[in-house]
Amino acid sequence: MPRRADQRVGAENGRRTRGWALACGALLLIAPWASAGAGLLDDGAHTEPEPIDLPDVDLAEGDELIDAAPGEAPSEASAPGGRASREIVVDPEMRVSRTERVAAQGLARLALMDLRLRPTPTREDYRIAALAFQIAERIDPTEPAYTRHRLYAAYAADDQDEVIDATRRLLRFDPSDTVAQLRLVSAQVAGLQTVEARLSAYARLLEGPRAGLLAPEVRSRLALDAALLANESGDREAFVRWLTEATTLDQTNKEAASLAYTYFSERLDDARGRLDLLMNLLIADPLDANVHLWISDELAAAGAFRGAREFNQTATGLLSAGRSPTSRDELELRRLSFIWLTDGPEAVAQTLTDMINGARVRARTARRDAEKNNFRLPEDFVPPEELRLGLRYEWMRLFAADAAGDDEIRTAASNDFLATISKELADFRDESRWPAGATRGQMVSVFVARLFEIVRLTAIFGGDDEMFESVAGTLRELVGENETALSVVNAWGALQAREYEDALARFRRDGGGDTVASLIGAAIALERMGERAEAASTYKRAASADPAGLFGPWAISRARALGDREPLTPDAEAFERFAQRVPSWVRALARNPSQFFQLEVEPVSTSGLPTEPLSVRVRLRNLAPVPLGLGPGRALSSKFVLTPRVEVELLEALDTVESEVFELDRRLVLQPRESVEVILRPDLGYTGWLLDLHCTDTVRLRWQGTLGFQRGQRALFEPGLAGASRTSVSVVRRPLQESRLTVEELEDEILTVPAALLRPLISAASGLLLADAAGMGELSPPDREDLVRAIFQRYPTGDAATRLLIAVSMPHGSQVEDALLLDRLIAEREPNPLVLVAGLLARGRSPENPGFERAIASDDEVISEMARLMRDRLASRDPQGFPFVGPDLARIGPPRPVLDEDVDEGESERAR
């Protein structure tokens with residue numbers, strides 16, 4: 001900054017000749033300064049924009065419903081909770097001074113850091129944050145980020161009135177925000193006092209003359225709400241009508257499609273009708289693996305095994321890509337079952353045999369190499385002769401080999417199966433080998449299940465009678481007086497004893513009748529009695545319950561071997577054709593979701609100063625040929641995280657930066673080729689604060705945006721199933737010119753320049769002091785004292801916006817000891833309640849602070865409540881939050897090089 005002679009006039013006369021303590025004492029005794037009461041905004045100078053045109057709802061007498069048009073503010077008399085109206089004009093074109101913008105940014109950042117520094121925030125903590133964001137809105141009404149943060153904080157505080165107030169305000173920024181539209185209208189209807197009044201309001205919103213003003217996806221959600229309300233009131237006809245309306249208006253309404261499937265499928269004895277309902281649910285969310293599994297099961301039950309196999313494959317891919325907790329063994333066994341049903345048992349038997357033989361060959365090779373080279377094998381090494389498949393795999397190999405007529409594989413599988421069970425039974429007798437936390441009752445249940453498997457397999461494939469009786473006798477002792485279990489054991493015993501008529505009668509009468517295992521036993525008895533047709537029919541009955549289950553493929557193979565080659569059901573062929581007609585994009589989307597959307601991440605500006613906003617533009621476009629839902633649990637995820645990559649002076653990388661999590665939930669649905677564009681402010685969190693400490697340096701940063709993120713292995717956030725990552729171009733933040741001044745020059749400037757020029761000097765002084773306190777600078781104690789003194793002396797002469805900037809950005813006494821007197825000055829002498837309460841949020845460390853009483857006495861309800869909550873919090877809880885954090889704020893420290901592969905395992909996802 002150019003030096004001007006007139007700026008030094010008076011500064012030299014006052015430098016150091018007057019003692020610091022004397023100057024401070026004099027300032028504390030002066031009366032409140034004349035300009036201190038000036039407001040930060042003149043609301044009357046701005047005009048109200050046109051409100052979004054939503055339908056009116058006629059109210060029954062006595063019902064209070066805020067007008068659905070979000071552009072109209074509630075009156076003072078009808079403000080939520082009896083609060084006075086806090087209406088702030090929203091006009092992105094209004095003029096806000098740069099000092100006001102920087103002060104609002106500082107207050108919002110302070111509110112976020114204070115909230116995030118609390119290990120377990122309470123409702124009161126969130127309420128304080130919401131009030132602080134509301135004050136930031138007053139200072140800079142053009143920034144929607146403050147309102148969105150207020151909405152999130154109010155939601156966490158369970159303050160519905162505040163949520164609705166913030167929603168109204170967001171709609172003024174973006175009238176096309178269908179998520180906000182739905183939240184507002186739903187809340188208004190929910191506020192009606194009776195069920196009849198709410199149903200009437202829904203009817204007018206959905207069928208009234210102005211219903212078309214609401215987007216179809218919004219009306220669809222309202223229709224679903226109306227259906228649920230009608231169901232609660234017992235009006236089944238209205239429930240069905242509104243539910244049908246909900247599914248018709250928006251095919252992406254997954255909740256409506258799911259409810260329709262649940263309700264109608266229970267009342268349909270029609271597999272084709274259930275399949276149609278499942279297809280509606282699939283269109284609503286093509287990435288729901290469970291829906292693919294349900295369709296697969298429905299097709300399999302009809303005998304359409306090729307279609308079932310395809311849907312099972314897509315479901316398996318979705319579950320694997322989404323890191324589902326579903327057992328991989330379950331998925332693999334299901335896959336093998338469908339291979340059996342479509343390609344025959346030979347492929348399955350050989351695949352499983354190759355699997356175990358390959359493992360044994362590798363074990364022999366490892367053992368041979370260890371003996372040859374004289375090194376020790378790993379402690380968990382399993383000798384090849386002890387390697388076996390899991391029981392479920394061995395069961396499938398045994399049954400597949402039998403169906404394929406491969407006696408060699410069947411014998412090997414049978415021996416391995418019995419050896420595995422024998423080892424398990426031996427382990428059951430040794431409590432030290434039980435799974436952690438297992439009880440005796442649980443282990444007995446598993447023991448009994450294993451004995452039943454031996455009994456069934458021996459009876460099915462033939463085995464030693466003496467061994468069978470030994471196992472069956474043990475079973476009878478264990479099941480005791482359980483007559484059902486005893487009947488099952490005796491039924492299999494009759495089959496083993498070749499008493500087929502007795503076995504058939506027992507399976508039909510005592511063995512459970514229609515259970516899969518009893519039907520299998522009955523079918524075997526009929527087959528051995530020579531009743532081939534009836535045996536085949538019984539096998540198919542057993543398979544129809546779960547064709548891809550434990551007995552299903554083998555039962556179907558037995559029926560075919562007995563000459564019954566008819567499909568499992570008459571619908572099998574029609575269902576196969578149905579599966580083939582499923583749009584190709586459904587399968588393509590399930591296999592590679594990212595090809596159906598486009599994600600762009602770019603900075604709003606590629607250069608700027610530390611005091612300027614760091615905004616990022618995110619654009620998401622639907623490339624699919626059909627509408628896709630947007631939001632949590634939808635085809636397009638709204639979860640989004642921005643992770644900065646920061647370089648200081650092109651040499652060092654900051655590893656203390658933090659990711660910022662957002663929701664891109666501005667639309668319920670994206671139509672084909674439609675995009676949603678969102679401007680995000682990732683600089684309002686800790687990273688923005690840290691970057692301001694480097695106001696003396698050139699900083700280059702890029703943003704990595706990740707959609708649909710999940711916690712990763714090599715990086716903290718990685719794209720999930722329907723996710724993607726994009727990296728923006730670099731942003732260069734130039735150093736503040738004022739930060740390059742010497743301490744003496746900076747102090748002179750602060751003391752002498754006109755008030756309008758103070759803003760960058762305050763930012764420079766704050767950055768230098770905090771950076772030094774954090775170990776990133778080299779200020780001497782006299783330099784620190786002089787900088788704080790200069791700010792102290794100029795504080796009373798600044799306007800309200802300038803004083804607010806000082807209050808929220810300058811270090812407090814726990815960070816820089818010299819700033820304790822500034823803390824006291826604000827607490828005792830600041831006359832503007834708004835500046836005072838912001839200063840208390842940054843500096844209030846004791847409930848006895850006199851500033852709290854003064855702020856609580858304010859006529860402004862927001863300021864009064866915020867001050868009261870902060871004071872009560874200090875009185876009842878251990879010291880925590882921003883005012884108690886010293887120079888070690890979060891993980892602050894000198895920057896050091898860091899590799900992209902480095903992961904901070906201890907870092908947790910931050911709240912919005």
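I looked up Leu-275 and found it in helix 13 (residues 271-284); helices here are DSSP runs of H or I with at least four residues, numbered from the N terminus. The model is predicted: local features need pLDDT of at least 70, side-chain atom pairs count only at pLDDT 80 or more, and totals for chains, interfaces and linings use all residues. Residues are numbered from 1 along each chain as its sequence is written, and side-chain values use heavy atoms, with hydrogens and water left out.

I noted Leu-275 as buried because its relative accessibility is 0%, the limit being under 20% relative accessible area with a 1.4 Å probe and protein chains only. Beyond its neighbours within four places in sequence, Leu-275 is in contact with Ile-295, Glu-298, Leu-299, Phe-575 and Phe-578 (contact: heavy atoms within 4.5 Å). Its C-alpha atom is separated by 9.9 Å from that of Ser-296, 21 residues apart along the chain.

I next turned to cavities, a cavity being a set of points on a 1 Å grid over the protein atoms alone where a 1.4 Å probe fits but cannot get out, with lining residues having an atom within 4 Å of a point. I recorded nine cavities of 30 Å³ or more, a volume being the space filled by probe spheres set on the points, which are joined across faces, edges and corners. The largest cavity has a volume of about 310 Å³. Its lining has 21 residues, and Arg-109, Trp-689, Asp-692, Ser-766 and Ser-809 are the closest to its centre. Helix 4 gives the largest share of this lining, six residues.

Definitions and conventions:
Helix = DSSP H or I, 4+ residues; strand = E, 2+ residues; numbered from the N terminus. Buried < 20%, exposed > 50% of the residue type's maximum accessible area, 1.4 Å probe, protein only. 1 Å grid on protein atoms, 1.4 Å probe; cavity = no way out; pocket = protein on both sides within 12 Å on 5 of 7 lines; lining within 4 Å.
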